[in-house]
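Here are a few exercises to work through with the model open beside you. Each task is followed by a solution in steps.

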Amino acid sequence: MVNYPNLTPSQQQNLPALIKPASLMVAKFEDSSHQLWHCETVDGPMVLKLCNHQTVETSTFWRGMNQLFAINFPASLAYIDKTHDFVSEHGELQIPEFIASEASVFVLARYVDGEDVDVEHVSDDMVIQLANHLAKLHQSKRSHWGAFHNAEFLSEQWPIKLQQPIKTLAKNYSSSIAEPILQQALQQAAQLKLDTFSPIMLDLRWDQMLHQQGKLSAIVDMDAFVIGPRELELVLLEYQLSQHQADIFKQSYQAKTDWPDLTQQRYCYRVLLFLMNSLGETNIEKWMNAEIRWR
């Protein structure tokens, strides 16, 4: 019998049998929250994601996610099947089929064909596909927000709880954040009034997607899905589009649902995303002064 890497006999007893030893996949980032293994099984090729606890414990991204949304990652892996089921049913892009998971340990999902998306070669078709996918997910409206599997916070709590990770992460940030930036973010956060929330992916990046022949074929990472303001996800995406791409995205998005006003939310969300190290930028002034694509 061939064993799955780093899983106990009881953890793998109900998993599809391996045909040969799993092979370690190259990590895209040094601080990846999971170690990935390609697994050839009797039920076809799959990917095993093993939680890297040391990385998670030192990650400002997951610290912010856990504090703001109370998702309790990586224990939340026990409920990731709910994310897979919802996005598979309601999204426009393929996601890996869920096979099994265990809290704080692993996720096993079916392997999806495709090549990594190169941010320098994102086609208009890809942008349109992503716009249609997000618009479809954003059409799912909720009155409560929080962890995907347990969104229990009231809308009135959003401006209050939003300030907490901004304060905490700023305090622990390696270099000081200018007080005027911090205060403006906190003031804007305190004034937010939101009524509805949607499924959003707070590590939405092109490198989380696969493509085939110039078209998106899948989104492969479900860990950071939460129920939150769609504006927060759009502010994150705004950093990753050219003006041309942003225009195409908005046009396609508006064909499916209404477009939100980001003006009164962008500043505090930009500060939060910077402190969570969402895209790896370390210069706060450069980050805050990035082009506004959607006015």
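## Exercise 1: the second largest cavity

The second largest cavity is lined by H133, L134, L137, P199, I200, M201, L204, I219, F225 and E233. Find which elements give two or more residues to this lining, and sort the lining residues by class.

Before the solution, a word on the model. It is a predicted one, where local features need pLDDT of at least 70, side-chain atom pairs count only at pLDDT 80 or more, and totals for chains, interfaces and linings use all residues. Residues are numbered from 1 along each chain as its sequence is written, and side-chain values use heavy atoms, with hydrogens and water left out.

*Step 1.* Helix 5 (124–138) and strand 9 (198–201) are the elements that give two or more residues to the lining. Helices (H or I, at least four residues) and strands (E, at least two) are DSSP runs, numbered from the N terminus.

*Step 2.* The classes come to eight nonpolar, one polar and one charged. Here Ala, Val, Leu, Ile, Met, Phe, Trp, Tyr, Cys and Pro count as nonpolar, Asp, Glu, Lys and Arg as charged, and the others, Gly among them, as polar.

*Step 3.* The volume of the second largest cavity is about 30 Å³. On a 1 Å grid over the protein atoms alone, a cavity is a set of points where a 1.4 Å probe fits but cannot get out, a pocket is an open set with protein on both sides within 12 Å along at least five of seven lines, and lining residues have an atom within 4 Å of a point. Points are joined across faces, edges and corners, and a volume is the space filled by probe spheres set on the points.

## Exercise 2: the largest cavity

Work out how much space lies in the largest cavity and which domains its lining draws on.

*Step 1.* Two cavities of 30 Å³ or more are counted, and the largest holds about 110 Å³.

*Step 2.* Its lining includes I71, Y79, H149 and D223, and at least three residues come from each of domain 1 (23–110) and domain 2 (115–289). These bounds come from an automatic or database domain assignment.

*Step 3.* By class, the lining has eight nonpolar, three polar and one charged residues.

## Exercise 3: helix pairs

Describe how helix 5 packs with helix 8, and how helix 10 packs with helix 6 and helix 7.

*Step 1.* Helix 5 and helix 8 (residues 230–238) have axes 11 Å apart, at an angle of about 165°. The pair is therefore roughly antiparallel, and the crossing is right-handed. Axes are lines fitted to C-alpha atoms, for helices over the stretch in contact, with angles from 0 to 180 degrees between N-to-C directions. Angles under 35 degrees count as roughly parallel, over 145 as roughly antiparallel, 65 to 115 as roughly perpendicular and the rest as oblique. A crossing is left-handed if the near helix is turned anticlockwise from the far one by less than a right angle, and right-handed if clockwise.

*Step 2.* For helix 6 (residues 158–172) and helix 10 (residues 266–275), the angle is about 40° and the axes lie 9 Å apart, so the two are oblique. Their crossing is left-handed.

*Step 3.* Helix 7 (residues 179–190) packs with helix 10 at about 120°, the axes being 8 Å apart. That pair is therefore oblique, with a left-handed crossing.
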